[in-house]
Amino acid sequence: MPSVAKAVIEAPPSHKIATGLRSLLVGEDPQEVERLWQKMYQGTIYFGRRGVAIHAISGVEIALWDIAGQAAGRPIHELVGGRQRNSIRAYASTLMPETPDETKRVVTRWRGEGFGAVKLGWGPLGRGAEADLALVAAAREAGGPDLDLMIDIGFGWRDAADAIERARRMSESRPYWIEEPFPPDDYDSYARLAGAIDVPLAAGEEETTLDDFERLIERGRVGVVQPDVTRAGGISECLRIAALAKKRGRRCVLHSWSTGIIKAASLHVLASMDEAEYFEYAVQSTELNQRLVRERFPVVDGEVKIPTAPGLGVELDEEVVERCRVA
Ligand code: MG
């Protein structure tokens, strides 16, 4: 929510633990990223700790790592743990079309672009059990038996008992995971569903900080946690979340949507994770997604290369910034 995040940054100091980020940062050394993260977290505790304050801190943290990397002449992943891989498998991520025929066309298109995995989400999913099954079956039919097919329900299912029935029937189409069947606060429904089906549940794109992910794992019992580097607390916090997931025997697949900045930041996190399974590659044709930065992140044999230029390794297209600017 850009205008709200902007207010979190620009708000003048109210008192010691209720202060906008700008006044906490001006005059500081931008290369002391971890100390400044703590300073931002402590200075916003009365209105922060979760939600938009952490989103704003995440954006600043990514910018600080970009500065630190450019100053050092090294890519961010070398500063936060080193490069464990040079590329990573990508899954094409897009919205679920309205009809089975359109779903087949979309899956066929992204298969044709070299993706070995596709996620379809939101849109009509959740409106009716039969319609859900027809859409997912169409995706499986078009993608073939070896496609990894992620399904994102977008909070569309209502209660655990009904969801168990729907998920069991959907498992015939072999979803790779089922994502966000319930609103994010329904941890007990997540736990009930996770305990009743074999298909892994994925969730976490709304969670912020390591503490939220600990709750999602312990109480929600999801198998795949999905921190978003621009919301969960930034690059270092995502690495801590990935380490927690591994320790608890869960998988961590970052959520990533809509711009080349998040693509680059996510790729640096993925480069440094001990185990990295997939990169969520948003394929929307919007200007923000396709042209905000000059890099195009080509998919070759289903994989995307980790950026190696200093910092984030991407350059903004200032003309696109001007066109998309809202404040
Ligand atoms: Mg999602």
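Predicted model: local features only at pLDDT ≥ 70, side-chain atom pairs only at ≥ 80, totals over all residues.

Where is Trp122 found? It is found in the loop between β2, residues 117-121, and α7, residues 129-143. The phi of Trp122 is near 60 degrees, a positive value in a residue other than glycine. Most residues other than glycine have a negative phi. As for the surface, Trp122 has a relative accessible area of 32% and is partly exposed.

Ser258 is not a glycine, yet its phi is positive, about 85 degrees. Ser258 is found in the loop between β7, residues 251-252, and α12, residues 260-272. With a relative accessibility of 26%, Ser258 counts as partly exposed, because that category runs between 20% and 50%.

Now the chain as a whole. It has 14 helices and nine strands. Along its principal axes, the C-alpha trace spans about 60 × 40 × 40 Å. For 327 residues, a compact globule would have a radius of gyration near 20 Å, and the chain agrees with that, at 20 Å. Of those 327 residues, 53% count as buried. Take the contacts between residues at least 6 apart in sequence: 72% of them join residues at least 24 apart. The chain exposes about 14500 Å², and carbon and sulfur atoms supply 50% of that area. On charge, there are 41 positive and 50 negative, and their mean positions lie 1 Å apart.

Buried or exposed, then, for Asp152? Asp152 is at 3% relative accessibility, so it counts as buried, the limit being under 20%. Glu179 is at 0% and therefore counts as buried too.

In α3, residues 33-43, the buried residues are Val33, Leu36, Trp37, Met40, Tyr41 and Gly43. What covers them includes α2 (21-25), α4 (51-72), α10 (209-218) and α11 (235-247).

The other helix is α8, residues 160-170, where Met170 is found. Met170 counts as buried, because its relative accessibility is 1%. What is Met170 in contact with, leaving aside its neighbours within four places in sequence? The contacts are Asp132, Leu133, Val136, Ile151, Ile153, Trp157, Pro175 and Ile178. Ile76 is 94 residues from Met170 in sequence, and their C-alpha atoms are 40 Å apart in space.

Last, the start of the chain. Met1 lies in the segment before α1, residues 2-10. At 69% relative accessibility, Met1 is over the 50% limit and so counts as exposed. From Met1 to Phe182 there are 181 residues in sequence and 22 Å in space, C-alpha to C-alpha.

That is what I have; I can go back to any part.

Methods:
Residues numbered from 1 in each chain as written. Heavy atoms only, no water. Helix = DSSP H or I, 4+ residues; strand = E, 2+ residues; numbered from the N terminus. Rg over C-alpha atoms; globule rule 2.2 N^0.38 Å. Buried < 20%, exposed > 50% of the residue type's maximum accessible area, 1.4 Å probe, protein only. Contact = heavy atoms within 4.5 Å. Areas by Shrake-Rupley, 256 points an atom, 1.4 Å probe, with all protein chains shown as cover. Lys, Arg positive; Asp, Glu negative; His and termini not counted. Charge placed at Lys NZ, Arg CZ, Asp CG, Glu CD.
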